Amino acid sequence: MSTRVLLIDDDSRLYELLAQYLGQNGVSVAHAPDGGRGLAALEASAYDAVLLDVMMPGMDGLEVCKRIRAKSRIPVVMLTAKGDETDRVVGLELGADDYLPKPFSPRELLARLRAVLRRSQPSAVADRLEAGGLSIDVAGREVRSEGRLVDLTGLEFDLLVALVRRAGRVIPRDALLGEAGRSDTVVGERTVDVHISHLRQKLGDVGTRLIKTVRGVGYVFAKEGA
C-alpha cells in the first residue's frame with residue numbers, strides 16, 4: 001500500500017511536480033490549495049503525513065499546524081520560502097516534525113518525508129522508559145511527569161527520549177539532534193537550547209531536577225541519586 005500524503009499549498013505547479021516525483025516513489029499526493037480546505041480534507045480522509053506551506057493567503061500554515069496538532073499527531077513537514085532560524089523555531093514549537101525551506105529538491109523532500117514517517121512508527125526497542133518520576137510510552141509518544149500527562153512537541157519528545165536513554169551521559173549540543181534521530185532537522189545550537197528550556201518547563205520539577213546543563217558542552221539527564 002502506498003503512502004498517502006496531503007499537500008496544503010496554494011502553488012499548483014509545486015503540486016504537479018511533487019505528485020509526479022513522489023508518485024514514482026510510492027507516495028500518493030492529494031492537494032488542498034488553502035488551509036481551510038486542507039483541514040477539511042484531513043477530516044474527510046486518512047493520510048500518513050502532511051506537507052504544509054507556511055505562506056498562504058487567508059489562514060497561514062502556522063495556524064493550520066496549530067489546528068492539526070489540537071486533534072492529531074500526524075507527521076507534518078512545513079514548507080516555506082523563509083529559511084531563517086526564527087521561522088524554524090516557531091514551526092517546530094507548534095508541533096511540526098520537520099521544516100524545509102523553499103526552494104528544495106523533490107529528492108530531499110522525499111528523504112525528509114521518509115525520516116518523519118520512520119519516527120512516527122512504533123519502536124520495538126524499549127517501548128516504555130521509566131526514570132525520575134517520568135513515564136515515557138515511546139510507541140504511543142506519550143509522556144507523564146509524576147502521573148501528569150505532558151503535551152510535548154515532536155522534537156521535544158525525541159530530545160527527551162534521547163536524554164533518558166543515555167541517562168548519566170553528557171550529550172554535546174551539536175550531537176543531541178543526531179542522538180534523537182533528528183540529524184536531518186537543520187537548526188542551530190540556540191534552537192536546541194530553546195527546546196530544552198521549554199522541555200524543562202513542561203516537565204516541571206522533574207525537568208528542572210534531572211535535565212542538567214553542562215556549560216560549554218551540552219546536556220545530561222542525571223541519574224537518580226547522582
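Which residue in E7 is the bridge partner of arginine 128? I looked it up in this predicted model, and the partner is aspartate 137. I then checked the strands around that pair: E6 and E7 (residues 134-137) pair in the antiparallel sense over four bridges.

Next I traced the whole sheet. I found an open sheet of four strands in the order E6-E7-E8-E9, with antiparallel pairing. E6 (128-131) and E9 (148-150) are the edge strands, each pairing on one side only. From one strand to the next, the twist averages 20 degrees.

Then I turned to helix H6. I see that H6 lies across E6, E7 and E8 (142-145), and that it runs at about 115 degrees to E7. I checked its length too: at 1.5 Å a residue, the twelve residues of H6 (154-165) should span 16 Å, and the end C-alpha atoms are 17 Å apart, which agrees. Eleven of the twelve residues are buried, so H6 is largely enclosed by the rest of the structure. Among the buried ones I noted Glu156, Phe157 and Asp158.

Most residues other than glycine have a negative phi, and most peptide bonds are trans. Arginine 141, in the loop between E7 and E8, has a positive phi of about 50 degrees; this residue is partly exposed, at 27% relative accessible area. Glutamate 146, in the loop between E8 and E9, also has a positive phi, near 50 degrees, and is exposed at 55%. I also noted a cis peptide bond between lysine 102 and proline 103, with omega about -5 degrees. Proline 103 sits in the loop between E5 (98-101) and H5 (106-120).

Methods
Residues numbered from 1 in each chain as written. Predicted model: local features only at pLDDT ≥ 70, side-chain atom pairs only at ≥ 80, totals over all residues. Heavy atoms only, no water. Helix = DSSP H or I, 4+ residues; strand = E, 2+ residues; numbered from the N terminus. Expected span 1.5 Å × (residues − 1). Buried < 20%, exposed > 50% of the residue type's maximum accessible area, 1.4 Å probe, protein only. Pairing = 2+ DSSP bridges. Axes fitted to C-alpha atoms, helices over the stretch in contact; angles between N-to-C directions. Contact = heavy atoms within 4.5 Å.
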